[in-house]
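Please look over the strands of this protein and how they pair. The report below follows them one by one.

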Amino acid sequence: MATFGVPGGTPRTLVSNAIVNPVAVSADGQRLLYSTGTEGGPQSIKTTGLNGKGTRTLVSRATNPSVTAGWNG
């Protein structure tokens with residue numbers, strides 16, 4: 001998962017090993033909510049700032065966690 005500076009900026013990797021669909025953005029636009037892990041294996045739900053800092057694990061070792069676009073952080 002990456003962000004791009006505007007206009008025509010360089011991509012910056014924020015998160016590796018993310019299952020990127022779906023991803024939710026907090027109501028204030030400052031944080032991302034996403035899941036990591038492998039399909040069919042243990043997964044985690046995490047949140048990180050748009051600058052890639054302040055990553056927190058909210059749920060660990062879950063089976064089929066759900067991330068919804070309605071999350072308001």
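Which residue in β5 is the bridge partner of Arg 31? The partner of Arg 31 in β5 is Gly 49.

This is a predicted model: local features need pLDDT of at least 70, side-chain atom pairs count only at pLDDT 80 or more, and totals for chains, interfaces and linings use all residues. Residues are numbered from 1 along each chain as its sequence is written, and side-chain values use heavy atoms, with hydrogens and water left out.

**Overall make-up**

The protein has 6 strands and 0 helices. Helices (H or I, at least four residues) and strands (E, at least two) are DSSP runs, numbered from the N terminus. Along the sequence the pattern reads β-β-β-β-β-β. The protein has 73 residues, and 29% of them count as buried. Buried means under 20% relative accessible area, exposed means over 50%, and partly exposed lies in between (1.4 Å probe, protein chains only).

The protein exposes about 4700 Å². Carbon and sulfur atoms supply 50% of that area. Areas come from the Shrake-Rupley method with a 1.4 Å probe; for residues, only the protein chains shown count as cover. Take the contacts between residues at least 6 apart in sequence: 24% of them join residues at least 24 apart. A contact means heavy atoms within 4.5 Å.

**Strands β4 and β5**

Strand β4 covers residues 31-37. It is mostly covered, with 7 of its 7 residues buried. In a regular strand the side chains alternate between the two faces of the sheet. Both faces of β4 are covered. Arg 31, Leu 33, Ser 35 and Gly 37 are buried on one side. Leu 32, Tyr 34 and Thr 36 are buried on the other.

Strand β5 spans residues 43-49. Of its 7 residues, 6 are buried, so β5 is largely enclosed by the rest of the structure.

**Pairing and hairpins**

β5 pairs with β4 and also with β6 (residues 56-62). Two strands pair if DSSP finds at least two bridges between them. The β4 and β5 pairing is antiparallel, and so is that of β5 and β6. Gln 43 of β5 stands opposite Gly 37. In β6, the bridge partner of Gln 43 is Ala 62.

| Strands | Bridges | Residues between strands | Glycine with positive phi |
|---|---|---|---|
| β4 and β5 | 7 bridges | 5 residues | Gly 40, near 80 degrees |
| β5 and β6 | 4 bridges | 6 residues | Gly 52, near 85 degrees |

**Residues with accessible surface**

Where does a residue other than glycine take a positive phi near 50 degrees? That residue is Arg 61, found in strand β6. Arg 61 counts as exposed because its relative accessibility is 72%.

Asn 64 lies in the segment after β6. Its relative accessibility is 57%, so Asn 64 counts as exposed. Asn 64 and Gln 43 are 21 residues apart in sequence. Their C-alpha atoms are 7.0 Å apart in space.

Val 25 belongs to strand β3 (residues 18-25). Val 25 counts as partly exposed because its relative accessibility is 42%. Along the chain, Val 25 and Leu 50 are 25 residues apart. Their C-alpha atoms are separated by 9.2 Å.
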